[in-house]
Amino acid sequence: MRLTIIQIMEENPPSENFSLKDLPSASKIDVVSRCILSIFSNNIEQLDISFQAIFSKTDIHVLTVNELPLTDEIYDEISVASLIKEVMQNTKSSNGDISWASVVDFQQYIFSVVSNHQTTYYLHENGLSIKEIKDVLLREESLCFIIGGRHDISQEHEKILDSLGAQQISLGKKIYLASTCITSVLFELEKQFEH
Ligand SMILES: C[S@@+](CC[C@H](N)C(=O)[O-])C[C@H]1O[C@@H](n2cnc3c(N)ncnc32)[C@H](O)[C@@H]1O
């Protein structure tokens, strides 16, 4: 199954010289790093995952991660953030599949990604329970999940997601960290593959 996770960061893109000693001040890059870790620290063989973080405030940019470079080290938030910094500075030399690109129009960009998947869900605590879509999860060949970052997704962007038919899906009433939500979705999918 092809799975794309889009994180909408209602932040300005971080400066390419951001400090690895203060990730939260760098456009909450710590949130993005934790999400990347929750996905790529090890793989689910049935899933071909792509993660995209869109910094959507001004000068919109998208970070895309399809694979982390192979390394003997165990990745942590800092080493992932360091990779992101390298990509932003175009100094990334090693393998792996990470890119940093400018986005002209947020709506057009989201439409181009969403329309490339059979079904798109927007993770929100007030949505339909994920229990209600278990069967669908198994059936689809391509799924897209959209999630917020440190802050909720803006109403303006929520309207766009709604207009694209992204169904709101809840993991419960409690507010979870974005990385926890991603882990929960991957856990649900892995359970489905066991059937
Ligand atoms: C840390 S939350 C965003 C900020 C949060 N609303 C707050 O008040 O702290 C990050 C994102 O995780 C997702 N999320 C958090 N809890 C959720 C839940 N119970 N069900 C579905 N999605 C959830 C939403 O997409 C949210 O934008």
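## Exercises on a predicted model

The side chains of Glu 188 and Lys 134 form a salt bridge, with an N to O distance of 3.9 Å. The structure is a predicted model, and the exercises below start from this pair.

**Exercise 1.** Determine which helices hold Glu 188 and Lys 134, and what their pairing ties together.

*Solution.* Step 1: locate the two residues. Step 2: check the distance. A salt bridge requires the side-chain nitrogen to be within 4 Å of the carboxyl oxygen, and the pair has 3.9 Å. Side chains of opposite charge can pair when their charged atoms come close.

**Exercise 2.** Classify Glu 188 as buried or exposed, and do likewise for Lys 134.

*Solution.* Step 1: buried means under 20% relative accessible area. Glu 188 has 11%, so Glu 188 counts as buried. Step 2: Lys 134 has a relative accessible area of 26% and is therefore partly exposed.

**Exercise 3.** Describe how Lys 191 is placed relative to Glu 188.

*Solution.* Step 1: the side chains of these two residues meet in a salt bridge of 3.5 Å, N to O. Step 2: both residues lie in helix α6, three residues apart, which is about one turn of the helix. Step 3: Lys 191 is partly exposed, at 27% relative accessible area.

**Exercise 4.** Identify the helices linked by the salt bridge of Glu 77 and Arg 34.

*Solution.* Step 1: the side chains of Glu 77 and Arg 34 meet at 3.4 Å, N to O. Step 2: Glu 77 is in helix α2 (residues 77-88) and Arg 34 in helix α1 (residues 29-40), so the pair connects parts that are 43 residues apart in sequence. The whole structure holds four salt bridges.

**Exercise 5.** Characterise the surroundings of the ligand.

*Solution.* Step 1: 16 residues surround the ligand, and Leu 123 and Asp 152 are among the closest. Step 2: the shell divides into seven nonpolar, five polar and four charged residues. Step 3: β5 gives the most to the shell, namely three residues. Step 4: a polar backbone atom of Gly 172 is 2.6 Å from a nitrogen atom of the ligand, and a backbone N or O atom of Gly 148 lies 3.0 Å from a ligand oxygen atom. Step 5: taken alone, the ligand exposes 570 Å², of which the protein buries 87%.

Methods: Residues are numbered from 1 along each chain as its sequence is written. This is a predicted model: local features need pLDDT of at least 70, side-chain atom pairs count only at pLDDT 80 or more; totals for chains, interfaces and linings use all residues. Side-chain values use heavy atoms; hydrogens and water are left out. A residue is near a molecule or strand if one of its heavy atoms lies within 4 Å of it. A polar contact is a pair of N or O atoms within 3.5 Å; within protein, one must be able to donate a hydrogen and the other to accept it, and residues adjacent in sequence count only if both atoms are side-chain atoms. Accessible areas come from the Shrake-Rupley method with a 1.4 Å probe; for residues, only the protein chains shown count as cover. Helices (H or I, at least four residues) and strands (E, at least two) are DSSP runs, numbered from the N terminus. Ala, Val, Leu, Ile, Met, Phe, Trp, Tyr, Cys and Pro count as nonpolar, Asp, Glu, Lys and Arg as charged, and the others, Gly among them, as polar. Buried means under 20% relative accessible area, exposed over 50%, partly exposed in between (1.4 Å probe, protein chains only).
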